[in-house]
Amino acid sequence: MEQAFVVIAVALAVIIVIPAYRVIVGPTLFDRLLGAGAIGTKTVVLVCLVGVIFERLDMFVDIAVGYAILNFIGNLAIAKYFIVPKPDERLPVESP
Amino acid sequence: MNVFDVVALILVIAGALFLLVGSIGVVRLPDFYTRTHAVGKTDTLGLVLAVLGIAVHDGPSLTDAKLIAVVVFVALTNPVGTHALVRSAYVSGLRPWFKGQPMPDDPTEDHHDDTPDHGAAVEPEEDRR
């Protein structure tokens, strides 16, 4: 049973690396932020799995809660910060 | 290996598969808005399934309640964060990719241009704004 969780955790570590491609070569700033947010969301699951493997889930779940909260607050703050209003370049509300 | 272990394993593997689909979508899809479409939903569902599977494996305890709190928190806040990022990109003037335009950033993909002149396909895009 524990070996199955070890295998899933290793597979999840590989899955987490995949959006780093978008963080490195993303054409726009928002693509990089999206990749970073995707990595943060998947890391919460990885922290919980590590807690199961190490038999210390009661400690690691607190770390997971803190990581989820920091990820959300960071996403909101960055999204708020990078709004650059350009009224003449704004898209029309109904897309063609 | 009782029933709870089997259910926990199935839930965790299903969550990992959803996370894998989201990761592939981030890399493969053509523009920013379609990538958020891939990540915003599959990441939320994958995390909910995987953490619920871990909660089933752990059994009823205080840790289980904390795991369910993580599930509820992420299910509420992850779509909000994605929406805030998309709104910031839209207000900043990032253009979406429309059907028929060449792929924006994938040089390995061959461009299915119907028009022979490459520049003529971009011209009506400028009039639209």
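**A walk through a two-chain helical model**

Let's start with chain A, whose secondary structure consists of four helices and zero strands. Read from the N terminus, its elements simply run α-α-α-α. Please keep in mind as you look around that this is a predicted model. Chain A has 96 residues, and 35% of them are buried. If you take the contacts within chain A between residues at least 6 apart in sequence, 48% of those join residues at least 24 apart.

Now bring chain B into view. Where do the two chains meet? On one side are 45 residues of chain A, in contact with 48 residues of chain B. Each helix of chain A takes part in this: helix 1 (2-17), helix 2 (20-25), helix 3 (29-53) and helix 4 (57-81) each supply at least two residues to the side that touches chain B. Helix 3 of chain A gives the most, with 14 residues. By residue type, this side of chain A divides into 33 nonpolar, five polar and seven charged residues.

Helix 2 of chain B covers residues 32-58, which is 27 residues. From its first C-alpha to its last it reaches 38 Å, close to the 39 Å expected at 1.5 Å a residue. Is this helix enclosed or open? Of its 27 residues, 22 are buried, so helix 2 of chain B is largely enclosed by the rest of the structure. Just after this helix comes Gly59(B), which takes a positive phi of about 85 degrees.

The largest has 34 residues, and the members that touch the most other members are Val45(A), Cys48(A), Ala50(B), Val51(B) and Ile54(B). Both chains build this core: helix 1, helix 3 and helix 4 of chain A give two or more residues, as do helix 1 (3-28), helix 2 and helix 3 (62-91) of chain B.

Leaving aside residues up to four places away in sequence, Val45(A) touches Leu12(A) in its own chain, and from chain B it touches Gly15(B), Leu19(B), Leu47(B), Ala50(B) and Val51(B). There is also a second, separate core of twelve residues, and its members include Leu33(A), Ala38(A), Ala79(A) and Val26(B).

Note on methods. Residues numbered from 1 in each chain as written. Chains lettered and ligands numbered in written order. Predicted model: local features only at pLDDT ≥ 70, side-chain atom pairs only at ≥ 80, totals over all residues. Buried ≥ 20, exposed ≤ 12 C-beta atoms within 10 Å, placed from the backbone. Contact = placed C-beta atoms within 7 Å. Nonpolar A, V, L, I, M, F, W, Y, C, P; charged D, E, K, R; others polar. Expected span 1.5 Å × (residues − 1). Core = buried A, V, L, I, M, F, W, Y, C linked by C-beta atoms within 7 Å.
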